[in-house]
Amino acid sequence: MSAIQSSLQQQVQSLYSEHHGWLVGWLRKKLSCPHGAADVAQDTFLRIIASRDALFGMREPRAYLSTTAKRLLLDRARRQVLERSYLAELALLADSLPGAPSPDEILMAVQALGQIATALDGLPAKARDAFLLHYLEEQSQAIVAAQLNVSTRMVQKYLVQALLACRHACPAMAA
């Protein structure tokens with residue numbers, strides 16, 4: 001193990017041991033759910049570990065941890081909105097079709113939804129917002145452009161970027 005890796009490991013251990021309990025407590029107050037708080041805390045540390053540069057020069061660890069956790073909570077909320085919208089659409093389809101989707105079809109759809117959510121998480125904020133506003137909230141590209149303070153052409157580029165990311169993340173869409 002190199003000196004840099006050893007130093008990085010020590011920083012992660014120190015950050016985790018000194019602040020994990022605090023972060024879980026803080027998240028419990030936000031979520032009112034100990035299991036959800038533990039999950040988000042774990043995801044927060046994973047995100048920080050994945051971006052090794054974050055550990056270097058971190059002056060306010062609790063502020064950094066809470067900001068990272070808030071972003072994860074926003075991502076989680078977005079996924080839940082997407083999931084609820086999808087399930088509502090499935091319910092509408094189930095009512096209008098002679099037969100409800102099979103459990104396998106529902107599982108495939110939920111897996112595809114998870115893949116799409118993962119793809120959207122990897123996008124820049126404006127591209128993700130453009131996708132959600134246009135496809136979930138059914139706003140026109142012009143309205144999305146006004147909300148994001150960009151041109152309609154830029155919104156089109158964001159939508160293409162998001163659709164390509166979704167297609168790449170979800171092999172079923174490529175067929």
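**Figure 1. Overall fold of the chain.** This is a predicted model in which local features need pLDDT of at least 70 and side-chain atom pairs count only at pLDDT 80 or more, whereas totals for chains, interfaces and linings use all residues. Residues are numbered from 1 along each chain as its sequence is written, and side-chain values use heavy atoms, with hydrogens and water left out. Eight helices and zero strands are present; helices (H or I, at least four residues) and strands (E, at least two) are DSSP runs, numbered from the N terminus. Buried residues account for 30% of the 175 residues, where buried means under 20% relative accessible area, exposed over 50%, and partly exposed in between (1.4 Å probe, protein chains only). Of the contacts between residues at least 6 apart in sequence, 59% join residues at least 24 apart; contact means heavy atoms within 4.5 Å.

Figure 2. Helix α2 comprises residues 34-50 and contains Ala-41. Ala-41 counts as buried because its relative accessibility is 0%. Beyond its neighbours within four places in sequence, Ala-41 is in contact with His-20, Leu-23, Val-24 and Leu-27. Leu-65 lies 24 residues from Ala-41 in sequence, with a C-alpha to C-alpha distance of 8.7 Å.

Figure 3. Ser-66 belongs to helix α3, which covers residues 61-96. With a relative accessible area of 11%, Ser-66 is buried. When residues up to four places away in sequence are not counted, Ser-66 touches Trp-22 and Trp-26.

**Figure 4. The largest pocket.** On a 1 Å grid over the protein atoms alone, a pocket is an open set of points with protein on both sides within 12 Å along at least five of seven lines, a cavity is a set of points where a 1.4 Å probe fits but cannot get out, and lining residues have an atom within 4 Å of a point. Grid points are joined across faces, edges and corners, and a volume is the space filled by probe spheres set on the points. The largest pocket holds about 310 Å³ of space. Its lining has 13 residues, of which Leu-82, Ser-85, Glu-89, Tyr-135 and Leu-136 are the closest to the centre. Two or more lining residues come from each of α3, α4 (103-121), α5 (125-136) and α7 (152-169), and α3 supplies the largest share, four residues. The lining comprises 10 nonpolar, one polar and two charged residues. Ala, Val, Leu, Ile, Met, Phe, Trp, Tyr, Cys and Pro count as nonpolar, Asp, Glu, Lys and Arg as charged, and the others, Gly among them, as polar.

**Figure 5. The largest cavity.** One cavity of 30 Å³ or more is counted. The largest cavity contains about 60 Å³ of space. It is lined by Asp-75, Arg-78, Arg-79, Leu-82, Ala-117, Leu-120, Asp-121, Arg-128 and Leu-132. Helices α3, α4 and α5 each give two or more residues to this lining, and α3 gives the most, with four. Four of the lining residues are nonpolar, none is polar and five are charged.
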